[in-house]
Amino acid sequence: MLQLIAKSQLTSLSGVAQKNYFNVLDKIVQKVLDDHQNPRLIKDLLQDLSSTLCILIRGVGKSVLVGNINIWVCRLETILNWQQQLQNLQMTEVDSGLTLSDLPVHMLSNILYRFSDGWDIVTLGQVTPTLSALSEDRRLWKKLCQYHFGEKQFCRHLILSEKGHIEWKLMYFALQKHYPTKEQYGDTLHFCRHCSILFWKDSGHPCTAADPDSCFTPVSPQHFIDLFKF
């Protein structure tokens, strides 16, 4: 949701919403810097945000930003400072006595097959030679393509090797440029049409309808943001 706001909703935020948004970002950045975990996600978010802000600041004459331009320039400088801190972040090694290299090959393969993001597979493949070999598995990339994209999309962007085999890994990244990948979340918001209430799927909702499941509709981050449009 934060990334969607960074890409397309900044101009619709009120002054209070802007302040809250950047306060949330500050908390996330500080958490990553303290825990040394998941820096890539916040780096991607800040990159999108800085790119959007640079474009919007250039269009200040069109009154595209709510608030004083100097405040937005300061916010851009803050983002650049966050990016520099994350760039300098040194990941600490945890000496637990057990590493990925100690796991059997079939377990490493199972780990890779649970990823839904191709870049995560590429990144993990850089850790050890064994993971590098496993990350090139054609069946792994075929499954990833089939999960995110349809057969018609395959036909439009078919990539074959010299031997006539489908290059599933190359196809995944080619398709990713043209079509959105499936959204996947640890938990999702749902809307109950019978009770007109939003709730988290894992928390459940005591619906009074005869068939509650038929009343539930998943709400994506974009749909959630759209609820506040007037």
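Tutor: A salt bridge is a side-chain nitrogen of Lys or Arg within 4 Å of a carboxyl oxygen of Asp or Glu. This predicted model holds six salt bridges.

Student: What makes aspartate 35 and lysine 31 a salt bridge?

Tutor: Their side chains meet at 3.0 Å, N to O, and the cut-off is within 4 Å, so the pair counts. The two residues are four apart in helix 2, which separates them by about one helical turn.

Student: Why is aspartate 35 called partly exposed?

Tutor: Its relative accessibility is 33%. Buried means under 20% and exposed means over 50%, so aspartate 35 falls in between.

Student: How do you know that the span of helix 2 agrees with its number of residues?

Tutor: Helix 2 has 21 residues, 15-35, and at 1.5 Å a residue they should span 30 Å. The end C-alpha atoms are 30 Å apart, which agrees.

Student: Which residues of helix 2 are buried?

Tutor: Gln18, Tyr21, Phe22, Leu25, Val29, Val32 and Leu33. They cover an arc of only 105 degrees around the axis, which puts them on the same side of helix 2. On the other side, Val16, Lys19, Lys27, Lys31 and Asp34 are exposed.

Student: What makes arginine 40 and aspartate 120 a salt bridge?

Tutor: Their side chains meet at 2.5 Å, N to O, and the limit is 4 Å, so the pair qualifies. Arginine 40 lies in helix 3 and aspartate 120 in helix 6, so the pair ties together parts 80 residues apart in sequence. Salt bridges that share partners join Arg40, Asp44, Asp117 and Asp120 into one network.

Note on methods. Residues numbered from 1 in each chain as written. Predicted model: local features only at pLDDT ≥ 70, side-chain atom pairs only at ≥ 80, totals over all residues. Heavy atoms only, no water. Expected span 1.5 Å × (residues − 1). Buried < 20%, exposed > 50% of the residue type's maximum accessible area, 1.4 Å probe, protein only. Arc of directions from axis to C-beta.
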